[in-house]
Amino acid sequence: MKKKPKPRLKGWYVKKLDKVFSEWLRKSYANDFGMATCYTCGKFTHYKDLQCGHYISRGHMATRWDESNCRVQCPGCNVFKNGNYTEYAHRLLKEIGEEKLDALMERKKEMKSWSVQELKEMIEKYGNT
């Protein structure tokens, strides 16, 4: 008798979405040769060597996969410089403007609990690259 597979836990879908969203974001900033520029320091390298940087940290679920919150960053900026926050803030303000930045900061305060269905839908949206 074949064992019925265990249903996946919500955490599995969060990790999967993190992965597909990161790849989608990095590819969307890359040129035809797969090369992209770090948002905060300007390092030009292959998208596979870059990361999905967040202006508002990933711990805030309401903005974790918000396209206006995320940009391509090199590991040096994203990890070793803790997001290179000052430069990120300066560039993001210039790019999206004060009104959109303020709205993003307001969304940060929301207590968002994504349903498994919502996570599946976003995996489908960002996973088809």
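## Salt bridges in a predicted model

Mentor: This model is predicted. The structure holds nine salt bridges.

Trainee: Which residues are linked with Asp18 in a network of salt bridges?

Mentor: Opposite charges can pair when the charged atoms come close. Aspartate 18 bridges to arginine 58, with the closest N and O atoms 3.2 Å apart. Aspartate 18 also meets arginine 64, at 2.6 Å from N to O. The network partners are therefore Arg58 and Arg64.

Trainee: How many residues apart in sequence are the parts that aspartate 18 and arginine 64 tie together?

Mentor: The two side chains meet in a salt bridge. Aspartate 18 lies in helix 1, but arginine 64 sits in the loop between strand 3 and strand 4. The pair therefore ties together parts separated in sequence by 46 residues.

Trainee: Is arginine 64 buried or exposed?

Mentor: The cut-off for buried is under 20% relative accessible area. Arginine 64 has 10%. So arginine 64 is buried.

Trainee: What does aspartate 18 count as, at its relative accessibility?

Mentor: Apply the cut-off of under 20% again. Aspartate 18 has 15% relative accessibility.

Trainee: By about how many helical turns are arginine 91 and glutamate 87 separated?

Mentor: Their side chains meet in a salt bridge, 2.7 Å from N to O. Arginine 91 counts as partly exposed at 34%, and glutamate 87 does too at 25%. Both lie in helix 3 (residues 85–108), four residues apart. The separation is therefore about one helical turn.

Technical notes:
Residues are numbered from 1 along each chain as its sequence is written. This is a predicted model: local features need pLDDT of at least 70, side-chain atom pairs count only at pLDDT 80 or more; totals for chains, interfaces and linings use all residues. Side-chain values use heavy atoms; hydrogens and water are left out. A salt bridge is a side-chain nitrogen of Lys or Arg within 4 Å of a carboxyl oxygen of Asp or Glu. Buried means under 20% relative accessible area, exposed over 50%, partly exposed in between (1.4 Å probe, protein chains only). Helices (H or I, at least four residues) and strands (E, at least two) are DSSP runs, numbered from the N terminus.
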